[in-house]
Amino acid sequence: MQTEMVTFGETMVLFEAETEGRFSYVPRFLKKIGGAESNVAIALTKLGHSTRWMSKVSDDEMGEYVVREIRAEGVQTEYVKKTTEAPTALYIKERRREDETAVYYYRHGSAASTLTKDDLHHPAIESAAVLHLTGITPLLSDSCYEAVLASIETARANDVFVSFDPNLRFALIKKIGEEEARERLLKIASLSDLVLPGLDEAIWLFGEQPEAKLLQHLIDNGAKKAVIKNGAEYTLYQDEDGSGQVDSFSVSRVVDPIGAGDGFAAGVLAGLLEQKSLAESVKIGAAVGSLVVQSKGDVEGMPTRVEVDAILGENEQIYGGVVR
């Protein structure tokens, strides 16, 4: 089955603290899933577009749980590989206080880190409109980096639009070294059509300098469209049609910021798939992100298109207490 967007990467089993407090004092945890690429696939599906997620998971109940949860959200998962040689990764989310969240990853030697370019179903990439990548996968292992480069090669050979969110994970960066990590991510960015880092990520890639120069660096590095997110303040964008700024939607209360960036990416891709301008697409992304932060969980708060259109003023319904 052909899909509009294909992505791949590691999705982990998530244990989220049911109550506030430090891990040692919390008695119960909720079982969920979490992974940047699958988050984007799920969010984009909820916005009305078809998506596919590929990966490698353990051939056991943990791996089955991850795949089943993603498939239940409407994402195609038929090309996910299974292995008996490595475990599915875990991560724990701790809510120490109402406004303080900590996460702990247990992903060393995971099934997804053994992913190779041969594990990918390249015909699925060839037939997609968009290939979405993050900076997490290429830092999991050398074979994952090679898989990312191979996927881009397949995409470019078939005129598939390549989207890249650096999505920095400093534990992974520390493991392989900052210089090597930066080299890998800049290489991927140079081969991508759309690059959408956060402001702190753009600074990490190119050094401290004015935002307009950071945007231009992304374009000069090879991107056709560049987007820099500045959290709750605004988003800057630049492409062949010009540059500009989209203000963020105001939110009365942030419940959980995790997943907002993935929702933003999905919103931008939804707009571009619908042939909207980059400015219009960024506005959709900002709307999605503002809704995501008002709900707990990585994917539970990903909004439907009806909810997004409501705060964009495209229908009469109002959700979530978000105001312009």
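In which loop is the place of Gln-275? Gln-275 is found in the loop between H10 and H11, where helices (H or I, at least four residues) and strands (E, at least two) are DSSP runs, numbered from the N terminus.

The structure is a predicted model, in which local features need pLDDT of at least 70 and side-chain atom pairs count only at pLDDT 80 or more, while totals for chains, interfaces and linings use all residues. Residues are numbered from 1 along each chain as its sequence is written, and side-chain values use heavy atoms, with hydrogens and water left out.

**Confidence**

The predictor's confidence in each residue is given as pLDDT, from 0 to 100; the protein chain averages 91, and 93% of the residues score at least 70. Over residues 315-324, however, pLDDT stays under 50, and for these the model has 26 contacts beyond four places in sequence, a contact being heavy atoms within 4.5 Å. Where pLDDT is low, the predicted coordinates should not be read in detail.

Gln-275 has a phi near 65°, a positive value in a residue other than glycine, and with a relative accessible area of 69% Gln-275 is exposed. Here buried means under 20% relative accessible area, exposed over 50%, and partly exposed in between (1.4 Å probe, protein chains only). Asp-159, which is not a glycine either, has a positive phi of about 55°; Asp-159 lies in the loop between helix H5 (142-157) and strand S10 (161-165) and, at 75% relative accessibility, counts as exposed.

**The nonpolar cores**

A nonpolar core is a set of buried Ala, Val, Leu, Ile, Met, Phe, Trp, Tyr and Cys residues joined through side-chain atoms within 4.5 Å. The largest one has 47 residues, and those with the most contacts inside it are Trp-53, Val-227, Val-268, Val-282 and Val-308. At least two residues of this core come from each of several helices, including H1 (36-46), H10 (260-273) and H11 (278-292), and the largest share, nine residues, is that of H10. Apart from this core lies another, of 43 residues, among them Ile-125, Ile-136, Leu-140 and Val-195. Leaving aside neighbours within four places in sequence, Val-227 is in contact with residues including Val-195, Leu-215, Phe-264 and Val-282.

In helix H9 (residues 211-220), the buried residues are Leu-214, Leu-215 and Leu-218. Seen down the axis of H9, these residues fall within an arc of 100°, so they line one face of the helix; the arc is that of the directions from the helix axis to the C-beta atoms. They pack against strand S11 (194-195), helix H8 (199-206), strand S12 (225-230) and strand S13 (234-239). The face turned away from the buried side of H9 carries the exposed residues Ala-212, Lys-213 and Asp-220.

**Aromatic rings**

Rings of Phe, Tyr and Trp (its six-membered ring) pair if their centres lie within 6.5 Å, and planes under 30 degrees apart count as stacked, over 60 as edge-to-face and the rest as tilted. By this rule there are two aromatic pairs.

| Pair | Centre to centre | Angle of planes | Kind |
|---|---|---|---|
| Phe-23 and Phe-29 | 5.3 Å | 45° | tilted |
| Tyr-91 and Tyr-105 | 5.1 Å | 25° | stacked |

The pair of Tyr-91, in strand S7 (residues 90-97), and Tyr-105, in strand S8 (residues 100-106), links distant parts of the chain, 14 residues apart. Tyr-91 counts as buried at 3% relative accessibility, whereas Tyr-105, at 30%, counts as partly exposed.
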